[in-house]
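Here is my note on this model, written as numbered points for you to read beside the coordinates. Please keep the viewer open as you go.

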Amino acid sequence: MAGGEPGERNLEEFVYGEEDFVLQAAGWGDPDSAPSRFDRVLLAGWSDRMERGLFRYRLGPLPTRVLPGPVRLVAQLNEQRSAERRPPQPVRSLRDPFDPGAFNFTRLRPAELLFRLRRTGGPGPPPDPLLVAINASPLERGHVLLLPEPARRLPQVLTAPVLRGALEAALLSSHPGFRVGFNGLGGGASVNHLHLHGLYLGRPLPLEEAPAEPLGPCLGLLRAGPAPAFLFFVPDPAALEPVSRAVCRAAEYLAGAGLAYNVLATRGNPPAGPGAGGGRGLRVLLWARRPLFGPKAGEPFAVALCELAGLLPLPSEPLYRDITEVQALSAIRQHLLPEPELLHLGRELARLLEN
C-alpha cells in the first residue's frame, strides 16, 4: 500500500464496487438487521481500538431524550467529550491555509487508522481514496473520520472528489442512521485539515422525510428541523458525481459571499417527501450560516452539523436535564441567516446550478 505518511503504509484496503452499494438500507423498525460488509469491518475495527485504549475516553451508552416540542430535537449527554476532547484550533477566516505547526491528521498514530476505502469499476471514474480513522473523541459508537491523503495537507474546504467518496461510503452502510457530514471553517470545524465525519446515529430525524420547497431542478429548501437547509438528492449511484459537484459549487459560492457552511448526507425520501413516488436515496443538506471564529460567550453548546440536524450533544447533566426546545432553537438560530436573505440566496444558488 502506497502512502504519504509512515502510518499509512501496509494499511488494510477496503476495496468495493458498485455491487456493494446498499440502495435500500434497513428500516428504523429493525436498524440492526443484516449489517453490510462495510459496517462489520468498520465497527469491528472501531471496537478493537476502544478495547485497546486508543480513544480519549471509554464511550458507553449515552443518556438520550427527545425534547418536548414540534421540532423533536434529540438531546444527548456526553460530558466526557466536552471535558476531554482536544481544544478546537483557532480559525481567523474562511480562507485560512493549512498550518503544519498545528495539530493535523499526519500526526495520527498508525493504530488510529482503520482502513483505506478504494473503489474499483463504475459508476464513472473512481473518487479519491479515503482513509477511515477513529475520532478519538467520539460522539457515538462507530464515529470515524474520512480523510483524503493527509500528506496532501489540504485545508478544510470541501471538494467534489472528496465529497463523492464520502457519499459512496454512506451507500456502503445498511444501517439507516449512518450519516456523513462536514463542518466548514467558521462553521464548527475544529481541525483545519480536510476531513469529513461518519457516524451511526440511533434515531431517525425529521429531515429524512419532510418535503422540501423546490427552488430549481436539483435544489430544494428544507425547513424541517431546527435550521432550514438547501437540499440535494441522490436517487441512485449515477447521481453521485453531479450532486457532489453541485453541492461543492454551491459551497464555494457561499464562501465567496462570506458565509460558512455545513453539509450532512443521510438516507431519506425524495425531496417531495414520502408517498410522492420514487424510492429512498441520499439526502444531502447544505446549511449556510454566519461564520463564527472562536467560542461565543454565553452559548449553551457549540453549533455544528449535528446541532443543525437536530441532535444536541450536551456537555453537562443540568443542561441536559433542563434545556427546553425554545432555548435550544434560540441558541442554534442566532447563527442562521434572516429569512429574506436565505430566500434570496436560494434563488441565486438555483440560477448558479442551472448554468
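Leaving aside its neighbours within four places in sequence, which residues is Ala224 in contact with?

1. Ala224 and its loop. Contact here means heavy atoms within 4.5 Å. With neighbours within four places in sequence left aside, Ala224 is in contact with Pro206, Leu207 and Ala210. Ala224 lies in the loop between β10 and β11, and it is buried, with a relative accessible area of 19%. For accessibility, buried means under 20% relative accessible area, exposed over 50%, and partly exposed in between (1.4 Å probe, protein chains only). Arg152 is 72 residues from Ala224 in sequence and 37 Å from it in space, C-alpha to C-alpha.

2. Ground rules. This is a predicted model, in which local features need pLDDT of at least 70 and side-chain atom pairs count only at pLDDT 80 or more, while totals for chains, interfaces and linings use all residues. Residues are numbered from 1 along each chain as its sequence is written, and side-chain values use heavy atoms, with hydrogens and water left out.

3. Helices (H or I, at least four residues) and strands (E, at least two) are DSSP runs, numbered from the N terminus; two strands pair if DSSP finds at least two bridges between them. Strand β9 (residues 213–216) runs antiparallel to β10, joined by three bridges, and the two form a hairpin with two residues between them. Glu213 has Leu221 in β10 as its bridge partner. On to the next strand: β10 pairs with β11 (residues 229–234), again antiparallel and over three bridges. Here Leu221 is the bridge partner of Phe230. The β10–β11 hairpin has six residues between its strands, and Gly225 in the turn has a positive phi of about 85°.

4. Two faces of a strand. In a regular strand the side chains alternate between the two faces of the sheet. In β10 (residues 219–222) both faces are covered, with Leu219 and Leu221 buried on one side and Gly220 and Leu222 buried on the other. Compare β1 (residues 13–16), which has a covered face, Phe14 and Tyr16, and an uncovered one, Glu13 and Val15. β1 runs parallel to β4 (residues 113–119), with four bridges joining them, and Glu13 stands opposite Arg116 in β4.

5. Nonpolar cores. A nonpolar core is a set of buried Ala, Val, Leu, Ile, Met, Phe, Trp, Tyr and Cys residues joined through side-chain atoms within 4.5 Å. The largest one has 65 residues, of which Phe38, Leu117, Phe230 and Phe232 touch the most other members. Helix α3 (residues 160–172) gives the largest share of this core, nine residues. A second, separate core of 38 residues includes Leu139, Ala212, Leu305 and Tyr320. As for Phe232, its contacts beyond four places in sequence include Cys218, Leu219, Val243, Leu282, Arg283 and Leu353.

6. Helix α3 and what follows. α3 has 13 residues and reaches 18 Å from its first C-alpha to its last, close to the 18 Å expected at 1.5 Å a residue; the expected span is 1.5 Å times one less than the number of residues. Because 12 of its 13 residues are buried, α3 is largely enclosed by the rest of the structure. Among the buried ones are Arg164 and Glu168. Ser174 lies in the loop between α3 and β7 (178–183), and at 8% relative accessibility Ser174 counts as buried. Beyond four places in sequence, Ser174 is in contact with residues including Val22, Ala25, Pro35 and Asp39. Arg267 is 93 residues from Ser174 in sequence, yet 10.0 Å from it in space, C-alpha to C-alpha.

7. Cysteines. Cys218 counts as partly exposed at 37% relative accessibility, whereas Cys306 counts as buried at 9%.
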